[in-house]
Amino acid sequence: MPSLPPKLWAELFFDDAWNPVTRDLRQTSAVSITRGLSSESSGAAGPVTGSCDLGNRSLRYAPRNVSSDLFNKIGRNTPMRLGYRVGSPWMAVDGTIDNGLFTPDAAALDVTGDFDLRVDIALDDWSQSQMIAARYETTSTNNRCWALEILDGVPTFLWSTDGTLAARLDVDATEAIEAYNGQRMALRVTLDVNNGASGHEVRFYTGRTVDDEEWTLLGLPVTGVGTTSVFGGTAVLEFGSGDDFNADPAGGAIARMTGKGFALKLLNGIAGTVAVAMATANAGVGATSFTDSRGLVWSTRAGATLTNKHTRLVGEVPAWPPTRHLSGNDTYVSLEPSGVTRRMDAGNKPVDSALLRYLKTQAPVECWPLTDAGQSGTSGKSLTGGGNMRAQLTVGTDLPEWGSGTLADWVEPVITFKGETAGGLTGAVPNSAAAAAAWSVDFLYSSEAPGNTGVFEIRDRGAGTDANNLVYFQLSMDTNDNDITVFRASQGETSSSSSLILTGVGAGIYDGAMHHIRFSVDPGVADSTWEMFVDGASVGSGTLVGIVVKAVSKILYNWSLVSGGGISGGDQSIGYVTYWDSSGPTAADFWNAASGYPGERAGARIERLATEGGYTATVAGETAHQGLMGIQRRKKLLELMTEANKTNFGYLLESRDRNEVIHRGQSTLWNQPPAFTLDFSSGVISAPFRPDDGDKLTENDVSVQRDGGQVPSRQVLEEGSMSVLDPPDGVGRYDRSYTYSLYTDDQAGHVAGMRLHLGTYDGVRYARLTLDLANERVFQMIDSILWADVGDKIRLTNLPDDHGPDDVNVLINGYTEEAGPDSWKITFNCVPAEPWTAFVADSSTYGRADTSGSSLNSSATSTATSLSVATAAGNVVWVDSTGFAAEFPFDVRINGGEVVRVTAVSGTASPQTFTVVRGVNGVQVAHAASEDVRLAHPVYFSL
């Protein structure tokens, strides 16, 4: 039984390093940590929070104590991390050359035919190129056997048939691994050396552990020409490094592994005989060598350690309140470190649009958003700190109105030029050597009234002499002709020239909506090329023969909105006049940002938003299965990230072991193996423990409106035990309406269906599970418990009869843990996991489709092993054992209770005869005719 308190540790970050303060961590006070959501919440979690006390008799932890060695080193938002040293060790590697674990050559390592390698790892950065495992030596001999690498997030497998470089083959996975930084997962590669079609095949998979029976295929199988083999050789087997070899297939150097390694398993044959089964859990903490379960001796290199130092919280200390005992003999500080999202959500600063956020992360030579407030202003401030863009009125009495023009409702208000006025805007730009090589000028525009005209003029840095002509371009915005016309002019002392270089483009942009105009020039040695873009797409280009355009000196916009010919002039708005050098973004990228990134994947939005805000976020979940986002509106950073998380039905959290935000997408929640299993009969679950059969999560009438959409999509469960029918036929109506950021209206129907699916799960909930980690039976599972995270599955078995006959799966929604001198416990907040069971083709567990309705055709005694089953008219019947022998056995549930195993089905028309094994789930009762018959483990189609 573990002693109390457990081995806690604490560190503060100062002097550019993590420094231990464990000796001052009060052992007489409990340390608590809360992370994730409650059992009734969904979406984004609040910041992780913790509490602990540091002894402070020396007043070392008083930020304003000038005598403290930590003066000016700690204070508001000093980083802190907490954790335990407990349980089995793992390999920690730092990416150095002398890294990882290795075992010498042995006969067991010579897997030369069908090959099956599995590793259990947690990488600090899954997108970084690094060596994972290898038997590959080149220094003195041709001893190249195989290597598993990750190249820019893509697993790559290399092998040689005879040990030579010439005979080496390599295969990349067709998809990258989508994992957040620090995420633990199992990675598997199989090589079928002879696929029966004169070729070979490589597959990559992901899973939870190296012992998984169900794996998720990563990308597509990769087939090669010709049969192959793997060289046996005499190379050592390395895990976490390549001591002699660390290169990609093209010969470029890659890093050794950085992160954690837990297990390596090598099988002779695909799912064949175990050749190597190394788990660091077999080692001692701090050991430099150990023997695995197959008798192989593994040793560490200098850059690897075997540690069990769990990090449970990384946060920031917002305050250092001193606490003194009344006697004056004791002083300590009570700290409440909190995660980074606390700062993300702080303050009430006006929120920037997607475009303005984007521009602040770029490096324009000059930018005038023209979003300045004030109805009578005369100039617009530079975003880069340069000179203002000034407005001058030449006709009319109404000055341009700043901050009142609408380009789009997700973009800041910009300047408006009023009808019956004329004037100009002028802005000088800095001289840029990089812009002399190539430059672009952007602006956003909105106008719909007939008769409006405006000329956007770009002048280069020519002196206006015959030897150094001034070259300028005029983009004439003419609503009368419904187009844009572009002129080029050159001006010297004694001569000048001009030409029409583009006309008839931009039709349809005078519709009152926001549009983007870009003009780009690429000066050459003797000629210059130009290109015009409208709304991110090229509409024209050409070459200026004999003219070398220089960098830009000045940008002007002249408007004329005066009535004439019976047509009255209307208002016009422009904004975000931006000048780029040769390194500027593409027109498509600028327009995408201005448009609010419609159609962006949810995970990509979360990562981009974090980067724009100066934070780090990483995402787990297949890109193809992430929700498509609608227009990014002007909201606070955390609100926008939460919105993307909501669309993707995932979890938005703070990383447990680093100062980052992580998003666990919905695709990672389906069909998980359990992180661990709790057997109620063994006494591992503490009180209070009770099922909740209430209606807190019930939603059976769901309407979802796309933000900006017209008509909401509604999904209603019309029949069944959880339907809108009045009891006892249903539960009554539970209607909910939501607004989601979605790319298309069709998505609203999918989202409504998913909410309906989650809200009509007909099963008990276990809202909270409390485990006493000081209980010896529970402590035996400490490794699995501490590695389990929000979104993982827990399986409950051998529950009391009044809880129902079956095992129950729950998802961890959040947790609170407390460690102190008197207790050490963790309470998981949970939601049902059964709704997260998805159909998977060719899976023995998840690859069966249910009928739309079938029932017992006649009654059956409690011992009957032959059942007559009728399928509802018009529905497909059950598979028969004559035509589909490979599909047997499978389990069905009768009347929502007893599970029977079907070993055979005779007949191809309803009714059919089932041969069954009774009471698979411990329930064995008599049944009446017409009782419902369903698959015991139904699956659903995932988003």
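Two rings of Phe, Tyr or Trp (for Trp, the six-membered ring) make a pair if their centres lie within 6.5 Å; planes under 30 degrees apart count as stacked, over 60 as edge-to-face, and the rest as tilted. Going by this rule, the count is 30 aromatic pairs. The model is a predicted one, so local features need pLDDT of at least 70 and side-chain atom pairs pLDDT 80 or more, while totals for chains, interfaces and linings use all residues. Residues are numbered from 1 along each chain as its sequence is written, and side-chain values use heavy atoms, with hydrogens and water left out.

Take F115 and F157: their ring centres are 5.3 Å apart and their planes sit at 35°, so this pair is tilted. F115 belongs to strand β7 (residues 115–123) and F157 to strand β10, so the pair ties together parts 42 residues apart in sequence. Strands here are DSSP runs of E, at least two residues long, numbered from the N terminus. F115 has 0% relative accessibility and counts as buried (under 20% relative accessible area; exposed is over 50%, partly exposed in between, with a 1.4 Å probe and protein chains only). F157, also at 0%, counts as buried too.

Y738 and Y740 pair up as well, with centres 6.4 Å apart and planes at 70°, so they are edge-to-face. Both Y738 and Y740 are buried. K646 lies over the face of Y740, 4.4 Å from the ring centre; a charge sits over a ring if NZ of Lys or CZ of Arg is within 6 Å of the ring centre and within 35 degrees of the ring normal. The charged end of R184 does likewise over F262, at 3.6 Å from the ring's centre.

How values were computed
Helix = DSSP H or I, 4+ residues; strand = E, 2+ residues; numbered from the N terminus.
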